[in-house]
Amino acid sequence: MLLEIEDLNVHYGRIQALHGISLTVDEGEIVALIGANGAGKSTTMRAISGLRRASAGRILFGGDDITRMRADRRVVAGISQAPEGRGIFPGMTVLENLTMGAYTRKDKAAVAADQQRVFELFPRLAERRKQPGGTLSGGEQQMLAIGRALMSRPKLMLLDEPSMGLAPMLIRQIFDIILEIREQGTTILLVEQNAQQALSRADRAYVLETGAITRSGSGSDLLVDPAVRDAYLGVA
């Protein structure tokens, strides 16, 4: 088991955002979290990456308890995140953003090889390598956010709403690349409002509602679950 979350609780002041959720991610899987806005999906990702402290419960990564580990140490351990809203550095070039993604690494030759890998995944970024990130289109910025997350050579990549604000053709392209990243050996935990796209590509998935997991199963099973179809796929 690569990631295990046990009875995780997270608070924002007096407001409890997560109510004892438990989930697992096996090595080599794509696991999706779906749910409405405010369900706790992004909070779960922030707790895993260390950007939000757990108030109770445990987070295990590769069998080690990382619940109290600093966020930067989690990157070194093998967790990276492409956050909601992309979070690129707008004044830095594409190449500088990618270099920032490898800030924990000292192996310069391998970092250069990984930059080339990102450019092979996203040829548009190669064309714009000297362009400031803030001048890229929304789709290109999303590519850059994913590419930057790859630069730390993660064992687990956290993708938070990668399709947000993108045109349908770009959404399909991003999800095809997510599959390719998994094929290259990176495990993926995916938060996504586009439940159809997420479930059709996920090995397994969890449904979050008001900070609690209400359903789980294979992506294909949840695609045909009547309650999921009614609530998240626009199909009664």
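Contact here means heavy atoms within 4.5 Å. What you're looking at is a predicted model, where local features need pLDDT of at least 70, side-chain atom pairs count only at pLDDT 80 or more, and totals for chains, interfaces and linings use all residues. Residues are numbered from 1 along each chain as its sequence is written, and side-chain values use heavy atoms, with hydrogens and water left out.

**View A. Helix α4 and its packing partners.** Buried here (under 20% relative accessible area, 1.4 Å probe, protein chains only) are A110, V111, D114, Q115, R117, V118, F119 and L121. Those buried residues pack against α3, α5 (123–127), α6 and α7 (168–183).

**View B. The largest pocket.** A pocket is an open set of points on a 1 Å grid over the protein atoms alone, where a 1.4 Å probe fits, with protein on both sides within 12 Å along at least five of seven lines; lining residues have an atom within 4 Å of a point. This one has a volume of about 430 Å³, counted as the space filled by probe spheres set on the points. Of its 17 lining residues, V75, S80, Q81, Y103 and R148 lie nearest the centre.

**View C. The second largest pocket.** Here the space comes to about 190 Å³. Among 17 lining residues, G38, A39, G40, K41 and S42 are the closest to the centre. Helix α1 (residues 41–49) gives the most to this lining, with four residues.

Conventions: Helices (H or I, at least four residues) and strands (E, at least two) are DSSP runs, numbered from the N terminus. Buried means under 20% relative accessible area, exposed over 50%, partly exposed in between (1.4 Å probe, protein chains only).
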